[in-house]
Amino acid sequence: MLNEEQRFLFDTLGYIIIPDLLSADQVAEMQSTLRAPTEDPLHWGKIWRDILDLPNLSPILEDLVGNPMLREARRVRDMADLPTYRLDHINVHTHVEKGYEGRPLHGGLPVAGSFKYHDGIFYNGLSVVSFELFDTHPNDGGFACIPGTHKANVALPEGWADMSERVHDCVARIAAKPGDAIIFTEALIHGSLPWSVDAPRRTVFYKFSPITVSWAADFFNPDDYRQYDDMDDRKLAVLEPPNARYPERSTEPEPR
Ligand SMILES: O=C(O)CCC(=O)C(=O)O
């Protein structure tokens with residue numbers, strides 16, 4: 001789970017960086033199996049499915065997007081410890097080359113995500129884990145956000161969203177090295193800076209939602225992935241469509 005410093009930073013800023021979340025080998029495996037983003041990345045290789053339940057990521061997602069009440073109810077009933085959040089969709093950016101104009105600032109309440117903190121519990125809507133596969137130095141381009149705007153009450157001023165010509169001083173340029181994960185709520189106002197160097201930018205976004213919620217109109221079907229030996233009940237649970245995880249539902253991963 002997040003430590004106290006990370007909890008403070010996520011609550012205050014709307015994002016955190018987890019250094020070295022992926023090992024050099026895992027990054028190399030992603031770089032070598034990356035394909036056209038039109039295909040389902042979960043069929044590209046084991047690493048793409050491993051990300052569904054990494055031991056150093058899942059507890060953080062439980063903290064940010066999971067459902068502690070459901071987790072406790074399952075514990076009391078001696079049921080399997082399945083993740084209490086779901087994969088909403090995956091985006092893979094392979095189009096970012098020198099000259100890319102960037103993607104305007106977007107997100108924010110209540111358009112894309114939601115954010116609340118109460119009694120020690122985070123209630124996040126759509127939340128993103130972004131993995132850079134190459135270095136993104138702060139002035140080369142990459143992820144940008146206006147820290148704290150996941151709690152903003154006032155709309156983004158006219159003309160600030162487009163970052164192709166001018167980036168307002170309040171926009172933070174967030175650099176990451178391969179293997180780092182940037183975790184942010186879609187309630188945060190964020191976007192992509194213009195990309196200005198010869199090296200490409202390749203970024204993988206796994207986006208998670210609370211179990212009953214979906215941003216995407218299409219859902220994963222756990223049955224499409226049961227054929228892989230590396231899939232287990234926890235990974236299948238992350239791929240369930242939105243539902244309250246009531247017992248004996250048709251998509252329940254545990255043996256019926
Ligand atoms: O380029 C980035 O890292 C930002 C991506 C983004 O805007 C998003 O995932 O919604």
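Ala, Val, Leu, Ile, Met, Phe, Trp, Tyr, Cys and Pro count as nonpolar, Asp, Glu, Lys and Arg as charged, and the others, Gly among them, as polar. The model is predicted.

**Exercise 1.** Sort the residues of the shell around the ligand into nonpolar, polar and charged.

*Solution.* 
- Step 1: list the shell. Arg103, His106, Phe143, Glu186, His190, Gly191, Ser192, Arg201, Phe205 and Lys207 surround the ligand.
- Step 2: apply the classes. The shell holds two nonpolar, four polar and four charged residues.
- Step 3: Strand S3 (103-106), strand S10 (190-193) and strand S11 (201-210) each give at least two shell residues.

**Exercise 2.** Find which side chains place a polar atom by an oxygen atom of the ligand, then state how much of the ligand the protein buries.

*Solution.* 
- Step 1: take His106. Its polar side-chain atom is 3.0 Å from a ligand oxygen.
- Step 2: take His190. Here the distance to a ligand oxygen is 2.9 Å.
- Step 3: take Ser192. A polar atom of this side chain lies 2.5 Å from a ligand oxygen.
- Step 4: turn to area. The ligand alone exposes 290 Å², and the protein buries 99% of that.
- Step 5: locate the space. What the ligand takes up is the largest cavity.

**Exercise 3.** Locate the two partners of the salt bridge between Lys151 and Asp11.

*Solution.* 
- Step 1: check the distance. The cut-off is 4 Å, and the closest N and O atoms of Lys151 and Asp11 are 3.2 Å apart.
- Step 2: place each partner. Lys151 sits in the loop between strand S7 (142-145) and strand S8 (172-173), and Asp11 in helix H1 (residues 4-13).
- Step 3: note the separation. The partners are 140 residues apart and link distant parts of the chain.
- Step 4: count. The model has 20 salt bridges by this rule.

Technical notes
Residues numbered from 1 in each chain as written. Predicted model: local features only at pLDDT ≥ 70, side-chain atom pairs only at ≥ 80, totals over all residues. Heavy atoms only, no water. Near = heavy atom within 4 Å. Polar contact = N/O pair within 3.5 Å; in protein donor to acceptor, adjacent residues only side chain to side chain. Areas by Shrake-Rupley, 256 points an atom, 1.4 Å probe, with all protein chains shown as cover. 1 Å grid on protein atoms, 1.4 Å probe; cavity = no way out; pocket = protein on both sides within 12 Å on 5 of 7 lines; lining within 4 Å. Sits in = over half its atoms within 2 Å of the grid points. Helix = DSSP H or I, 4+ residues; strand = E, 2+ residues; numbered from the N terminus. Salt bridge = Lys/Arg side-chain N within 4 Å of Asp/Glu carboxyl O.
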